[in-house]
Amino acid sequence: MRTLDALQRTLQTELDPELLLLALTHRSFAYENGGIPTNERLEFLGDSILGQAVTVRLFRDHPDLDEGELAKRRASLVSSVALAEVGRSIGLGGHIRLGRGERLTGGADKASILADTVEAIIGAVYLDCGGDAATDLVMRLVGPLMRDPARFGAAMDPKTSLQEVASKLGATPPVYVVAESGPDHSKHFIATVTVGDLATATGEGSSKKQAEMAAALGAWTALNAR
């Protein structure tokens with residue numbers, strides 16, 4: 001695992017090392033190490049802080065939008081797909097404490113794990129540094145999505161956005177293939193989307209829809225860069 005100091009610098013905040021370590025502790029690691037505490041309580045707290053910070057910013061920055069549109073934008077910004085992208089952008093996967101099995105199956109890049117860890121870190125910052133610091137962190141992490149209109153639109157409905165850009169490029173419609181694994185109470189889905197010979201991307205999640213959305217966003221990003 002990378003050093004906590006490096007992550008602190010990336011987050012631009014000074015957080016109690018023990019609390020940060022807790023925020024990075026996935027339940028798979030805790031189970032393999034005698035049932036130590038996990039980051040799930042911090043995740044619960046961070047989810048609330050994240051939602052409030054994003055809601056307030058959207059409300060203040062977009063007085064022209066009605067309640068329905070504000071709700072759509074908030075849902076997009078706090079979704080697992082968006083938070084996983086935030087986690088990848090700061091190299092979070094290399095810092096997460098995972099059990100051996102989860103690590104070997106690519107847990108460090110799973111959208112659900114990345115998103116949950118982002119929320120846990122926000123919760124930890126709230127506890128250790130206060131509400132203003134937590135809000136500032138949310139804006140540093142999620143702000144780039146808010147300021148990119150094209151990217152923001154795709155995140156709200158990546159499957160439709162992918163279909164639209166494929167059509168503009170004269171490509172065949174996107175084709176999705178989904179594989180699932182795990183027990184019934186904890187299914188894991190991996191989706192692969194192909195857009196002719198122009199782009200192929202994968203995504204994962206705890207539901208088929210979530211996995212397809214993650215894959216679609218990846219393919220949209222690749223095609224949009226063209």
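Two strands count as paired if DSSP finds at least two bridges between them. The model is a predicted one. In it, strand 2, residues 188-195, pairs with strand 3 in the antiparallel sense over seven bridges. Strands of a sheet pair through backbone hydrogen bonds, in a parallel or an antiparallel manner.

Taken together, the three strands form an open sheet with the order 1-2-3 and antiparallel pairing. Strand 1 (175-181) and strand 3 (199-205) are the edge strands, each pairing on one side only. On average, neighbouring strands of the sheet are turned by 15° against each other, direction ignored. The hairpin of strand 1 and strand 2 has six residues between the strands, and Gly182 takes a positive phi near 95° there.

What lies across the strands of this sheet? Helix 12, residues 208-224, lies across strand 1, strand 2 and strand 3, and runs at about 150° to strand 3.

Helix 12 also takes part in a pocket. The second largest pocket has a volume of about 340 Å³. It is lined by 18 residues, and Arg88, Asp109, Thr202, Gly203 and Ala214 are the closest to its centre. Helix 6 (80-89), strand 2, strand 3 and helix 12 each supply at least two residues of this lining. By class, the lining of the second largest pocket divides into six nonpolar, seven polar and five charged residues.

The largest pocket has a volume of about 450 Å³. Of the 20 residues that line it, His26, Arg27, Glu102, Lys110 and Ser186 lie nearest its centre. Helix 3 (27-32), helix 7 (100-104) and helix 8 (111-129) are the elements that give two or more residues to this lining. Helix 3 gives the most, with four residues. The lining of the largest pocket divides into two nonpolar, 11 polar and seven charged residues.

Helix 8 leads on to a helix contact. How do the axes of helix 4 and helix 8 cross, and within what distance do they come? The axis of helix 4, residues 40-61, comes within 6 Å of the axis of helix 8, and the two cross at roughly 85°. Angles of 65 to 115 degrees count as roughly perpendicular, so helix 4 is roughly perpendicular to helix 8. On the helix 4 side, the residues that meet helix 8 are Leu42, Glu43, Leu45, Gly46, Asp47, Ile49 and Leu50. Their counterparts in helix 8 are Asp116, Glu119, Ala120, Ile122, Gly123, Ala124, Tyr126 and Leu127. By class, the contact of helix 4 with helix 8 has nine nonpolar, two polar and four charged residues.

Rolling a probe the size of a water molecule over the atoms shows where empty space is left. In the whole structure, a search finds one cavity of 30 Å³ or more. About 30 Å³ of space lies in the largest cavity. Which residues line the largest cavity? They are His26, Arg27, Asn39, Glu40, Glu43 and Asp116. By class, this lining has no nonpolar, two polar and four charged residues. Glu43 and Asp116 are also among the residues in the contact of helix 4 with helix 8, while His26 and Arg27 are among those nearest the centre of the largest pocket.

Terms used:
Residues are numbered from 1 along each chain as its sequence is written. This is a predicted model: local features need pLDDT of at least 70, side-chain atom pairs count only at pLDDT 80 or more; totals for chains, interfaces and linings use all residues. Side-chain values use heavy atoms; hydrogens and water are left out. Axes are lines fitted to C-alpha atoms, for helices over the stretch in contact, and angles run from 0 to 180 degrees between N-to-C directions. Contact means heavy atoms within 4.5 Å. On a 1 Å grid over the protein atoms alone, a cavity is a set of points where a 1.4 Å probe fits but cannot get out, and a pocket is an open set with protein on both sides within 12 Å along at least five of seven lines; lining residues have an atom within 4 Å of a point. Grid points are joined across faces, edges and corners, and a volume is the space filled by probe spheres set on the points. Ala, Val, Leu, Ile, Met, Phe, Trp, Tyr, Cys and Pro count as nonpolar, Asp, Glu, Lys and Arg as charged, and the others, Gly among them, as polar. Angles under 35 degrees count as roughly parallel, over 145 as roughly antiparallel, 65 to 115 as roughly perpendicular and the rest as oblique.
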